[in-house]
Amino acid sequence: MWDPGKYLAFADHRSRPFHELVARVGATSPRRVVDLGCGPGNLTLALAERWPSAVVEAIDSSPEMVAAARERGVDARVADVAAWEPAEDVDVVVTNAVLQWVPGHEDLLRAWVRRLPSGAWLAVQVPGNFSGPSHALVRELVDESWPALSGLMRSSPVLDPVGYAEVLSEAAVDAWETTYVQRLEGEDAVLEWISGTALRPIRAALDDASWEEFRGRLAPRLRAAYPRRADGTTWFPFRRVFAVARVT
């Protein structure tokens, strides 16, 4: 289950890649703009502001996230991104920090490019830090003490920029990566960050007591990997992978 409040605790950090992704989309007057994996809807509103004449379609697999989006006035609905197919009037598709949860999403991207109309834009952003300590330490702990959950933490669920450029090569594609050095505040800041996203499947699989044990054993490992500075902040390098394709 997704927790919109936990997710939005780092809203500024989470929104920056979205804005840098959408800035590369050159559409001027799209008919329909689709936000696949809209989350709590705060960023969907930015799409509506940029293209006020477009119909904005928003979906997410989480009922909690869709409810939060609808409270913001977004006409969101619960749906599976993997089952979505573009309508004839879709001119912009944005999928921000979603496809890492979708095994085999490379085939989805190829299918979308082939079905979107000529001139349509497809914008993709995924986290690329799965080899970093924040994720490697989680996999290590799971393997040590909760091996039944090992399948929940894939080591490489996304491609690098060259990989996405190849997948989207039937279109005109621009692919790149950026590592943001984020300044996080508070105690166990990296643990709090990943609790809102990467640890969600682990949380869903554990009862409350096991979850607290898991967090208690993970916290010191993360503190050692990401030491808190004297001023109370923590530097957290976070790699992101981007691709923007225009259908020819």
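Strand 4 (residues 90-96) and strand 5 (residues 121-127) run parallel and are joined by 5 bridges; within this pair, Val 94 stands opposite Ala 123 of strand 5. Helices (H or I, at least four residues) and strands (E, at least two) are DSSP runs numbered from the N terminus, and two strands pair if DSSP finds at least two bridges between them. The model is a predicted one, in which local features need pLDDT of at least 70 and side-chain atom pairs count only at pLDDT 80 or more, while totals for chains, interfaces and linings use all residues. Residues are numbered from 1 along each chain as its sequence is written, and side-chain values use heavy atoms, with hydrogens and water left out.

The two strands belong to an open sheet of 7 strands with mixed pairing, in the order 3-2-1-4-5-7-6. Its edges are strand 3 (76-78) and strand 6 (172-185), each of which pairs on one side only. Strand 7 is largely enclosed by the rest of the structure, because 10 of its 14 residues are buried (under 20% relative accessible area; exposed is over 50%, and partly exposed lies in between, with a 1.4 Å probe and protein chains only).

His 105, Leu 108, Leu 109, Trp 112 and Val 113 are buried; they lie on the same side of helix 5 because they cover an arc of only 135° around the axis, taken from the directions from the helix axis to the C-beta atoms. On the other side, Asp 107 and Arg 114 are exposed. The cover over the buried residues includes strand 1, strand 5 and helix 7.

A nonpolar core is a set of buried Ala, Val, Leu, Ile, Met, Phe, Trp, Tyr and Cys residues joined through side-chain atoms within 4.5 Å. The largest has 30 residues, and those touching the most other members include Leu 36, Trp 84, Trp 112 and Leu 122. Helix 5 (105-115) is among the elements giving two or more residues to this core, and its 4 residues are the largest share. A second, separate core of 25 residues includes Val 138, Met 153, Ala 189 and Phe 238.

Definitions and conventions:
Contact means heavy atoms within 4.5 Å.
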